[in-house]
Amino acid sequence: MSFNKMMIKASVIQKLSLGVLAVSLAGCSIFENEGPPPLPGDRISILALEQTLEADAGLADLEVRLPPPFENVNWPQAGGIPSHALHHLALGEDLEEVWRVSIGEGSDDENRMFSSPVIADGRVFTMDSEASVRAYEAENGDEIWTTDLTPEDEDEGNIGGGVSFEYGRVFATTSFGDVVALDPQTGERIWDTNLGVPLRAAPTIAGGQVFVLTFDSRMYALDAETGEINWDFEGGVETTGLLGAASPAYSNGTVVVPFASGEVFALRAGNGQQAWNERLVRRRSYSSLTSLTDINAFPVIDRGIVYAASYSGRMIAVDLRTGNRLWDQDISTLQTPWIAGDFIFVVSTDGELVCLSRRNGLIRWVSPLGKYDDPEDKKDLIIWSGPILASDRLILVSNYGIAVAVSPYDGKILGQIELSDKASIPPVVAGGTIYVLTDDAELVALR
């Protein structure tokens, strides 16, 4: 059994309620037995941690001020740019759908689509759940090329990796263990390197290197020109984690890497030497659910400070240069914090959108977006993805096919729209256009 097949089988067997998947890196043998029948009783989601957040009374008079929005031409990498700090983007007020395309195969019971679209040089690049990379014209959605990255001897889907663009090339990672550089004009391979282990997330490209993270918690730095391995670093190993993963963040010669063990390492990009590490595990575990240490939220580096958050309920701010922790806050999230001005916006696993002070981590406001589709019986958990900040509104999508716009100033809901399908990947914005990718692989452009 190949490693990729093992992972796919694991994801199916360990499928939890409400479409949330977890994977285990335990040996193949445990997946080859049918096992005992499931225990009777109600199933609960592992994401429902029953955590209630409250605004800090001392910040009640603090006015939320944001920098003016700016129009970013490109969104070239997962998380936008290598530091994952995009601040306040520009987007029109009255958005209308300008084109819609299918990017291939979407998510289903066996395959998962994790790669967000990236935009560069007037083109949109995507990867579907079967590792097909496609290029489209950003102006009208016309397809330019398609390249299938599935090896000939594989018949399973792709459940990890993603695409990024830098140095005039498209870089892709797959759960088949491949790191690939493609010609953005034709989709032809420039180089490919197989690491022998599935890749978890989209690559981060910076400083002439391609930074990728494997499922066995090893970080690789490859030469962006040739694909040769420059160095690698082994992080803490954890046998169980959540599907999906965070891409490393990069700034000023340092790459910050989150591992499934709940640890965050800062490494010198030139040689992989460790600068410091932190552990994002809550001091007190409220239940066995919070013992899951995995980190799916991308770390963010902004003005010399690293912001990172984990599923197990710890968010921290750390000085990038010294590794000194500046503050911490008990927030459980799977989503990347969004930083603009002196404020941080993050959605918790309990469906609460939170505004924090960037300086001390105290909470300015909390806005409940909705946790259950059936609140009375606490069933059908809603999972929110985002936020992004564009022209004075925070935008999030959900696994219930709803997108909402929220005021960044007081947390009030400004409006909502119904999507054509559920959405599990945060939207992206570039060139005054917002791109929403639904789970059935429909990419919608609005401007």
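Q: Which strands form a hairpin with 6 residues between them?
A: Strand 9 and strand 10 do. G187 sits in the turn and has a positive phi of about 85°. Keep in mind that this is a predicted model.

Q: How many bridges pair strand 9 and strand 10, and in what sense?
A: They pair over 5 bridges, in the antiparallel sense. Strand 10 covers residues 189–194.

Q: Which residue in strand 10 stands opposite D178?
A: N194.

Q: What about strand 8 and strand 9, how many bridges join them?
A: 4 bridges, and these two strands also run antiparallel. T173 stands opposite V179 in strand 9. Strand 8 and strand 9 make a hairpin with 3 residues between the strands. There, G177 takes a positive phi near 90°.

Q: How many residues of strand 9 are buried?
A: 5 of its 5 residues, 178–182. Both faces are covered. D178, V180 and L182 are on one side, with V179 and A181 on the other.

Q: New topic. Where is S247?
A: S247 is in the loop between strand 15 (240–242) and strand 16 (249–251).

Q: Is S247 buried or exposed, and why?
A: Buried, because its relative accessible area is 1%, and the cut-off for buried is under 20%.

Q: What does the side chain of S247 reach?
A: The backbone oxygen of A202, at 2.7 Å.

Q: Which residues is S247 in contact with, leaving aside neighbours within four places in sequence?
A: A78, H84, A201, A202, T204, F298 and P299.

Definitions and conventions. Residues are numbered from 1 along each chain as its sequence is written. This is a predicted model: local features need pLDDT of at least 70, side-chain atom pairs count only at pLDDT 80 or more; totals for chains, interfaces and linings use all residues. Side-chain values use heavy atoms; hydrogens and water are left out. Buried means under 20% relative accessible area, exposed over 50%, partly exposed in between (1.4 Å probe, protein chains only). A polar contact is a pair of N or O atoms within 3.5 Å; within protein, one must be able to donate a hydrogen and the other to accept it, and residues adjacent in sequence count only if both atoms are side-chain atoms. Contact means heavy atoms within 4.5 Å. Two strands pair if DSSP finds at least two bridges between them.
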